Amino acid sequence: MSEGTAKKEEKPRKFQAIRGTRDLLPPETALWNRVEQAAHEAFATFGFGEIRLPIFEPTDLFVRAVGGETDIVSKEMYTFVERPEELELLPSISDLDVFLQKVRQFYKSGEIPPDNLALELVENQLKKVNDSLAGISNRESRDRDIYELIMLFGALRLGNDISLRPEATASVCRAYIEHGMQQLPQPVKLYCMGPMFRRERPQKGRYRQFYQIDAEVLEATRLDAAKDTSKELANDAAVDAEVIEMVMTFFDRLELQGVQLEINSIGCRECRPKYVELLRAALLKVKDKLGPDSQRRIETNPLRVLDSKLESEQPIIATLPHIADHLCEACAKHYSAVKRQLEMRGVIYRENWRLVRGLDYYMRTTFEITAKGLGSQNAVCGGGRYDGLVELLGGPPTKGIGFAIGEDRLILSLQESGKAPAQQGRDVYIAWMGERAHATAIRAAKDLRKAGFSVELPPVEQKFGKALGQADKLGAKYALILGDNEVSEGLWTLKTLADGSQAKYTEPDLLDHLRKSKRVSS
Ligand code: AMP
């Protein structure tokens, strides 16, 4: 190796954020905080309480809730295996029998979901390997046996399957069940915010770690509900409309531009399967004119064909039957009640019969909200009703409706329309000179910060010119000048950097003056 290459190798690797993830930096983070604060405030006025959830959950929770066939679960989740600590080390062949005994114990105690068949295969293969190691078998067959043992061992389940959450509704439902929230006054209104993870192809407005603000209303299904279905339908429609009203109010507060709400009903377990069959039959008739993705979806999920953005498919899709014409009586009643309720609340909507959404759990109401300045990824919020999901996850019969706002896109849209806050400059830069002044400067900084001012206190003495230059760079409003004279006179000099004017104040007067001028400017 030449000296040159050795030097090159010494250079430490430069790390970068992983593709699809990113750092959020100031001053942009100030906008994130403002948006989140507005959500806390707006949602509280509708009686929602915050829930904070784990970032990872058992993979099965998402398989069951979101659906094993969906893109999210089938190819986009970040999944890993968490082994019990005692199984961390990779065993050598000579320790393998002890290791396998431990695995069997974990199966028994339920710490690892049992896969007895796979374990038996490994145990049998180990016996074979041990026999051949002790016996006279030729080297080639011994190697083959060992190779097979390694393969079988590699396939053994040694821990729990865990996934980073790709969405929040499943976790909210899990928490509702786990904490017996059906005992609380119904409905239970919860919201949360935080990162979600999906291995999608990154582009503007689409990330692998992205942030959602999520709200859910869960309500135990009344046992006597069947007695008065029309009252139940009216109840649900009002809840749906209020949830939509809440998110629209929130966007309104943020002055989000170009907000468009689209709604649809995708029916229920009764009527949707019949519509799906009708749709499939209609699609089969025009199969040749569709692209390969849509052709495949005729079999797997015909509703998703309606989602297609392919230009050439648009005229064909326009001729397909609309679900609104095929809703059962209850769904039709519910849908018209939702529309009436939205009108009563002054919420402007557009019906979009093609709005089906990608998650399995939705029924009846679905909605999506788009905003300005986002290009092709312009959906800032999606939501819908999901009665029955809690039950599917082992809980009591429960109704649900919720939405997820894509916070990254919301922020992007606000920035595009010039709603981003400017970099916040300091209020006061303390230009101190001399040891005596240093002590006074430290005390002044403490008092000013206590009073809520943002203060920059240089750690070492600076020449006057440099101090003012720094103050300017940091966007400070004032420079507080503290030198020996100021300290002995008890009169401090305050320089207003915008116009260069200067005045002297006693310590209490200075605080008073700054307070007053802050009130005027805010
Ligand atoms: P969903 O959970 O798929 O219904 O999505 C709800 C909202 O989350 C969407 O309308 C988007 O605003 C946002 N969203 C979903 N996936 C991503 C992503 N990969 N990157 C950024 N935002 C996303």
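Predicted model: local features only at pLDDT ≥ 70, side-chain atom pairs only at ≥ 80, totals over all residues.

Q: Okay, and which residues are the closest to the ligand?

A: The closest are Arg198, Glu200, Tyr207, Arg357 and Ala379, out of 14 residues that surround the ligand.

Q: Which strands supply at least two residues of that shell?

A: Strand 6 (209-220), strand 10 (379-385) and strand 11 (398-406) each do. Strand 10 gives the most, with three residues.

Q: What about Arg198, how far is its side chain from an oxygen atom of the ligand?

A: An N or O atom in the Arg198 side chain is 2.8 Å from a ligand oxygen. Glu200 has a polar side-chain atom too, and that one lies 2.7 Å from a nitrogen atom of the ligand.

Q: And Gly406, which part of that residue is 3.5 Å from a ligand oxygen, backbone or side chain?

A: The backbone: a polar backbone atom of Gly406 is 3.5 Å from an oxygen atom of the ligand.

Q: So how much of the ligand's accessible area does the protein cover?

A: The protein covers 92% of it, where the ligand on its own has 480 Å² of accessible area.

Q: Switching topic. What's the volume of the second largest pocket?

A: That pocket has a volume of about 1000 Å³.

Q: How many residues line the second largest pocket, and which lie nearest its centre?

A: It's lined by 37 residues, and Thr70, Asn301, Leu359, Asp360 and Tyr361 lie nearest the centre. Several elements give two or more residues to this lining, namely helix 3 (59-66), helix 4 (71-75), helix 10 (272-285), helix 11 (292-300) and helix 14 (389-392).

Q: Which helix gives the most to that lining?

A: Helix 10, with four residues.

Q: And how do the lining residues divide between nonpolar, polar and charged?

A: You get 15 nonpolar, eight polar and 14 charged residues in the lining of the second largest pocket.

Q: What do strand 15 and strand 16 form, and how many residues are between them?

A: They form a hairpin with five residues between the two strands. In the turn, Gly500 has a positive phi of about 75°.

Technical notes: Residues numbered from 1 in each chain as written. Heavy atoms only, no water. 1 Å grid on protein atoms, 1.4 Å probe; cavity = no way out; pocket = protein on both sides within 12 Å on 5 of 7 lines; lining within 4 Å. Points joined across faces, edges and corners; volume = space filled by probe spheres on them. Nonpolar A, V, L, I, M, F, W, Y, C, P; charged D, E, K, R; others polar. Pairing = 2+ DSSP bridges. Near = heavy atom within 4 Å. Polar contact = N/O pair within 3.5 Å; in protein donor to acceptor, adjacent residues only side chain to side chain. Areas by Shrake-Rupley, 256 points an atom, 1.4 Å probe, with all protein chains shown as cover.
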